[in-house]
Structures are given as C-alpha cells and as structure tokens.
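Morning, everyone. Please have the sequence and the 3D view open, and let's get going.

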Amino acid sequence: MAGNNSLVINVDIAETRVALIEGGSITELFVEREQDKSPVGNVFLGKVTRVLPGMQAAFIDISLDRAAFLHVEDVVPQEDMDNLLNGEDDEEHEAHADGDDPAAPEAAVKPRALARRVTRATPIRDVLKEGQSLMVQVSKGPIGTKGARVTSHVALPGRYVVYLPTVDHVGISKRIGNDVERKRLREAIEAVKPPQGGFIVRTVATGLTKKQLKADVGYLVKQWETVSKRRSEVKSAPAMLYEDLDITLRVARDYFTENVDKIIIDSQSEYERVRSFIGTFLPERVNDIEFYQGRDPIFDEYGIEDEIARALSRKVPLSSGGYLIIDQAEALTAIDVNTGRFTGKGKDVEETIYQTNLEAVQEIAYQLRFRNIGGLIVLDFIDMERPKNRDRVYKTLIEALKKDRATTTITRISELGLIEMTRKRTRESLGRTLFEPCFFCDGTGQLQSKATICHEIVRQIRREKDSLPGYKVVVNAHPAICDMLKREHKAALEEAQNRFTRQIVVKPHKEYHLEQFDLKGA
C-alpha cells in the first residue's frame, strides 16, 4: 500500500479513479468516466416540465437524460432569486430559513433568509409554473432509475468554507468540537463575509487565520458573481451556468487534509495541474504531491486492484473465519453476519457469537464506506442472548461509523439481532458503478431449471398443437434443453407424441437463451 494515509490517483483514457488509503487500507474509491461525469455541484438554468401539486414537487429539465426532481422546500421564488443575482437584499423578505444546515450549524442559530421562506405547506403552484426557467444546483446525482435531485439554494464549496448565497447564516462544522475554536471561527467569518449570503466553515478550517479565511471567501464570492453574469447572458433553458471541479481537483480540495500524507498521481499533466491547484491555498504542501513513474499500473503497484476485487464480492471473509453476505436490492441493502469456521477456541457459544459480531461491525462500517452503500440498510447480526453484548455491539457500530463522512441514523439492535439504519446517498454505489445486471438472468441470479423448461415445452405443445400445420411439431431450443428432452425426458416426449398424435422433433440452437424456445409445424 501507498503509505499509511494517501490519495492514489489513476488517470487513464476516458476514466479517472481515486483511492483514499487510511491506515494502509482503501477506505473510499471514486470513479469518474468521461461519458458519465457526476453532475453533483453543477448549477443549471433549468426549465420546469411538470408541476405535481400532490407531491409538492416539480420535474426540471437540466439537459440530463432524465428530468431532475425539485421539492417545494428547495425552491427560491423567482423574484427573490432575481434580486440575489442583481446583488439586492430586499429587507421586506428577511426571514428565518427552515432549519440549520446538517453540516455544521448550532441548533440555536437560525439563518436569516435572503429569499422568502418556502415551506412544505406552501402550494407549489404559487411559486412554480410549467415552462418557467429557474436556476438550480444538483444536490444528488442520478441513482438507479431516479433522476438527479436539485435545489434553488445554491452552495458553492471552497477549501475551507461553503458559500450559501441565498441565506444569511454562519455555521460551523459539527466535527469541530472545541467551543473556543468554534466561537473564534464564527467571529472570524462574520468579520470577512460580504453583506449578502452565508457560510459554513468546514472542518479543515480549524486553526486558520482571518486572512486565510478571507482568501477563500473572496474566491467563492467571485465564483457567484461569475454565475450571476452567466445567468444574465443565457437566453434559453436548459443551460449550464457553473461546473464544479472534476474528480481529481475535487478530491484534492476535499480530502487532502492534515491526516493525508501525500497524493500520488500517474499522469504528468494531472500532476502539474494538482500542484498548481494546491499551491494556491497550501503552498507548503506542494512537495507532498508525487508523480508515479513505475512500469506497472499504479493500482497494481499498490495492491489496490486486488483489494477492489476482494471488497466487492458478495461474500466478504472475516479474519476469524466468519463472513458477511452483502445483498444490494432496489429498496434496501441486507448484510448478514455468519460464524463460518469460527468456533471460539474453547469459549462458550455466546462469547463466540459476540466476538464474531464485534469483528463484523468493523468490516460492515468499512464496507458501507468503501462501496458507498446508501439508503435503507438492514444488518442481521447473529442472535445474542445477553442484553449487555447487544448493547456493546451497538455502541461499537456507532463508534466505527464516526469515521464516515456520510450522515447515518441507527436504531438499537433488536432481540433478533437486527439493526435498521440509513446512510445518506448522494451518488451511485460503487457496485452499481462498476457492475451491471447480468443480461442472462436479468439480474436475479437465477434461471428456470432445465426440467421446468422441458415440462413447459410439453404444455406449450398441448396449447398450440391444433393451430400448428403439418404432422410434425419442431421444438427449437437451447442445446442443453434439447439434450435433456432426448435423455431424461425421453419417455415423457414419447408419451406426448402418442397422446397428441404428432411427431415431435427437437432442434438445438446455440444462440438461444437457456429459457428460450419456440414451436413450428412441419
């Protein structure tokens, strides 16, 4: 592995992959393809295609394959957005926004809205109509069959702060636990922020001076001015107004923290680009960026390819001999814990189960983060009789998930050993990015048995025998089905010929699907 903590970037033809290595293990993997770039963070001038009062939502055309989803609470009224774009702060519309940003604000501090408050109770037809153009930002990329989710409340991320042009609010990352530091950062950002808009101070801003924060604030305010100017120039929707950084610069901005020792890149041009980018806000760390010149592919050199193959299999082994089974369905992901070969080395059964579950907790937390599994997740631990053991496993899971950047909610472990949890999902899971459903079984992992298909053929002959011309019935099918009809089902086929008074001829076709067959008269 590439050191204890590092970012390994593989730039290939039309694809870039980034592995975040922590403590010698890959904890996150990002993949971006030229034809499949994530739209998250991009700002568009969209066009309302449908307004759905029953759902309090609308569908917005932003030039992606599928229309984006916009909920009424994410709408900024057009008049107020125009004022914001023109740099006007209408005092008449000052109000409190609907709650704090999840990334940081304290509960007692509520943002003053620069736009009128639109709540769940506001009829969506009061603020949107079909055919209307409006500016939106993608907050969640397309996942599965669902389109992207968008919001009118734009958030422009920088290295140290996130700029919120539509609300007047300063929030501090929850991960900054020191009250003195939180107060100092709040005062510093209040002193340098412009009259319009709010900011969220990110975790990496800990210890920064007012001057360093001011540089990031100024950069983001200029970005918003560029978006505003672009909006005034665009005449028709849909159109892109702002594109977020590509994956290489994005991970350098968001993940190259004091806990990451170095960045290793295998592309000369990207190496130079990242050095230049890092040099603008972390000049003292430019020498921590390395250009990989080895003969083997960079992911092979650092054992990342092997780790990807191991970590993405359905069955994940545990070092004790137990294992996890991970099944990702449309609505939820189920993770089942099994003892396997682990017998506990002479310990009682309850202790063996407890130790297996404790080990599984660490692997589950790792797998959720590495595979980027989101949505509803059900964890099926091995049943534990002692309440104190269930409580320890639950607390260990909470502690293990603290390393995860994604927001999680967890229910307590039940007497049956089940935990229900959710993990915020903003992009497609790694499994669905790298794999696609099997075309042969249609993603079910199962096919009809050959015997079932043979019996179905006989039933179909009975249905169609009177409508087929001639004295023969020709069965066209997969060679494996034909072989079974001639061998194991030979007696049944002869009985069918006698009963239907038709000669049945079996004809194999290699190109047929195992379940495919058809009948012809001859």
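Predicted model: local features only at pLDDT ≥ 70, side-chain atom pairs only at ≥ 80, totals over all residues.

H3 covers residues 210-233. The crossing of H2 past H3 is right-handed.

Which residues make the contact? On H2, look for Leu 185, Ala 188, Ile 189, Ala 191 and Val 192. On H3, look for Lys 210, Leu 213, Lys 214 and Val 217. Sort them by class, and you get seven nonpolar residues, two charged ones and no polar ones.

Now zoom in on Leu 213. What does Leu 213 touch, leaving aside its neighbours within four places in sequence? Leu 185, Ala 188 and Ile 189 are among its contacts.

Next, the core. In soluble globular proteins, nonpolar side chains tend to be buried together. Here, the largest nonpolar core has 53 residues. Leu 213 is one of those with the most contacts inside it, along with Val 161, Ile 189, Ile 263 and Ile 278. Which helix gives the most to this core? H3 does, with six residues. There is also a second, separate core of 28 residues. Ile 326, Tyr 354, Leu 379 and Leu 401 belong to that one.

Last topic: the backbone. Most residues other than glycine have a negative phi, and most peptide bonds are trans. Let's look at some exceptions.

Pro 238 sits in the loop between H3 and strand S16, residues 239-242. The peptide bond joining Ala 237 and Pro 238 is cis, with omega about 0°.

Then Ser 63. Its phi is positive, near 75°. Find Ser 63 in the loop between strand S5 (57-61) and strand S6 (68-71). Buried, exposed or in between? Ser 63 has 49% relative accessibility, so it counts as partly exposed. The cut-off for exposed is over 50%.

Compare Thr 501. Its phi is positive as well, near 50°. Thr 501 lies in the loop between helix H13 (490-500) and strand S26 (503-508). Its relative accessibility is 65%, so Thr 501 counts as exposed.

That's my tour. Over to you.

Conventions
Residues numbered from 1 in each chain as written. Heavy atoms only, no water. Core = buried A, V, L, I, M, F, W, Y, C linked by side-chain atoms within 4.5 Å. Buried < 20%, exposed > 50% of the residue type's maximum accessible area, 1.4 Å probe, protein only. Helix = DSSP H or I, 4+ residues; strand = E, 2+ residues; numbered from the N terminus. Contact = heavy atoms within 4.5 Å. Left-handed = near helix turned anticlockwise from the far one by under 90°. Nonpolar A, V, L, I, M, F, W, Y, C, P; charged D, E, K, R; others polar.
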